[in-house]
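Open your viewer and get ready to select. This tour tells you what to pick next and what to look for.

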Amino acid sequence: MWELIRANKRNSIILMTLMAMVLLLLGFLIGLFIFGPEGGFFGLVIATVIWLILTLISFSSGDQIFLAASGAKPVTKDVNPQLFNVVEEMTIAAGMGKMPKIYIIADPAPNAFATGRKPETSSIAVTAGLLGRLNRDELQGVIAHEMSHIINRDILFVTMAGVMLGTIVLLSQIFLRGMFYSSMGSRRRYSSGGKGGGQAAILFLIIAIIAAILAPIMAQLLYFALSRRREYLADAGGARLTRYPEGLASALEKIANDPSPQLAAANKASAPMYIVNPFKKKGQMKLSDLTSTHPPISERIRILRNMTHGASFKDYSDAYTSTTKHKTIVPVSSFTKEQVAIRQASEKAKSQELKSKQMRQVGDIMRVVNGFVFLSCVCGLKLKIPPNFKASTVKCPRCKRTLEVPKQ
Amino acid sequence: MLAGAATIFLVVLIAIIAVLVLLIFAVIGIYNALVRLRNQVDNAWSQIDVQLKRRHDLIPNLIETAKGYMHHERETFEAITNARAAAMGASNVADAAKAEGALGGALSKFLLVVENYPDLKANQNFLSLQEELTSTENKISFSRQNYNDQVLFFNNKIQMFPSNIIAGMFGFGKRDFFEIENAAEREVPKVSFN
Amino acid sequence: MDCPVCKNAMVVLELRGVEIDHCFGCGGIWLDAGELDLLIDDVEKSAKLLDSFTIDTKCTEAKRKCPICAKKMLKVVVGKDGHQLLIDSCKKKHGLWFDAGELEDILKRAKLDSDSKIQTLLADMFAENPQLSETGNNQNQ
């Protein structure tokens, strides 16, 4: 495991160094253009300062902002004991000292994500729709995938790379806009200098514009490469933690085939954090590999289902190679000579009746999370009262008893 | 000439000291890594212990709830109670592993029998106990899995060069894997909610 | 969810695994499409049911807005000749809305679905049920 984390760090650091170089080069070229031949260094400093400030902000409160933006509510064990237990099981399997905090998002689209820079301060959030559709084994697979993100320090890398990408986009946007307006307003300023200076300025201008257009694209490609790679690794880690690749595979299948509308709270910046891309597009599976934060789900499922010999990283790597015909995604240094046997399914398929019962429970979980009060009348009718209900008593419509509405 | 010899001597001396310092640092580093790994093994072991205790604590409740519904299953209950007593009384690791294996077997048999009692399966209290039991069984097997991973890692480390030298110097001994006797018990017991 | 008529927060009522939303302000009832599926226990049948209603274009009654999508709902006619009833149905098939006054008509006459499951449920939830209320009164006294 530690081997894998180390190899992971190395790969990510290479990708991030490339991104940093793109950022610094962009700063340098813009500086060169704005402040003249000696200004390159100055531009470099400004780019670094902007990047540092954004990094500090995202590190100090990034995960809290993200959780709040997704509408996730913290839950205790009594709201959903099974979810709580499954997270605890995976914490034990991963040998983590402290359990991540658990959040539920009141959204019917099934999805999940993990946040937090360190394993000790991490959180896992799942949507109510996920709880409603998955059985225990599938839920375990999803949580194991998220747990792998946490122990691989993926959140740290994705956040840092995301901030760097943001800085690059920001810089080039400011520059291109500034260019546009200043060239509209006062053309003279540029032509009034010496003739040689003018030519140099034009040359710098062209280089800077090209850089400002290319840099965000380059950075984005690097970012996508980084986050896609980490999805595969988290799948491999998830399969190894649970010893049951089919759980995650069938969870991914259910999530992919779900008819619910896309997750309301997701945006482009947070997309790589989710277990599957929250943006549903027609024909997403066929989209170019280069422009997606997630590998195609069908491929992830095929790889997991091809793991017939065992659940170790080596087995995932073999399945990956035989499925995609690419060379391994898992660093070879993490292949210990371990034998990891696949265990059997722990649960039979559920009947339709139970599924609807499960959906009802999910509805109730969403209501508990949203502050509903539950009343049970003696006649058997259940009343679920929303937090903005004003009266202090209700009359049961079935047996006409008067019931008190407890104040929260 | 004399000054030249002195310089060479000084250089050699500094080189030797530098190598020694590096060596000491390497020894400290490896020693610390070994301690860290050994602590991880110990932590993993205590986690198994915690989960086994949890299982022992759950059983009386479970039987109490089930008894009201299952009138003809005295043998099943007795098997569980006896296995629990044996597991709690085990004095060494080998005995404990054997007794816990037997207890796991008795519990999975019990959960199969439960299938014949639909009333019991509709009982909310029993359902939540059953979820706790399933989860505890999972936690036992996952903590065992983690313990064995850590042991493998630790044992590899103390056998490999150069950490084997330091392990020998400070008396780091190999650890045993936690294997459960009954081969069928290697899998998580099948618990069904139907 | 808010009542499309009086904008009060609606209370969810659950009986035998099926939920409806009820407004204590005006007495209206919202039957969600998903709940209809649960009640009729056959996704195809319940979809057919929602399609089977004839849209009444001449109706001058005030249009209600669907509490889910906030789009204006259609007035639809249910039941056979002589026992007709006008209810609101969401264009996007989010569910059905019954005004308080329509409830009695539904319980007495109109046949919505082939097995009368909707009537049975609503009757059990809202109709005067002497057995239930008597025991209730005894307990209150």
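This is a predicted model: local features need pLDDT of at least 70, side-chain atom pairs count only at pLDDT 80 or more; totals for chains, interfaces and linings use all residues.

**Stop 1: where chain A meets chain C**

Select chains A and C. Here 20 residues of chain A are in contact with 17 residues of chain C. Now color chain A by element. Which of the elements gives the most? It is strand 6 of chain A, with 4 residues. Next, color that side of chain A by residue class.

**Stop 2**

Zoom in on strand 6 of chain A and strand 1 (residues 11-15) of chain C. The two run antiparallel, and 3 bridges join them. Pick out A:Leu383. What stands opposite A:Leu383 in strand 1 of chain C? That residue is C:Leu13.

**Stop 3: helix 2 of chain B**

Move to chain B and select residues 74-89, which form helix 2. At 1.5 Å a residue, its 16 residues should span 22 Å, and the end C-alpha atoms are 22 Å apart, so the two agree.

Show the side chains of B:Ile80, B:Ala83, B:Arg84 and B:Ala87. These residues are buried. Look down the axis of helix 2 of chain B: its buried residues fall within an arc of 105°, so they line one face of the helix. The spacing has a simple reason. An α-helix has 3.6 residues a turn, so residues three or four places apart point the same way.

Conventions
Residues are numbered from 1 along each chain as its sequence is written. Chains are lettered from A and ligands numbered from 1 in the order in which they are written. Two residues are in contact if their C-beta atoms, placed from the backbone, lie within 7 Å. Two strands pair if DSSP finds at least two bridges between them. The expected span of a helix is 1.5 Å times one less than its number of residues. A residue is buried if 20 or more other C-beta atoms lie within 10 Å of its own, exposed if 12 or fewer, and partly exposed in between; C-beta atoms are placed from the backbone. The arc is that of the directions from the helix axis to the C-beta atoms.
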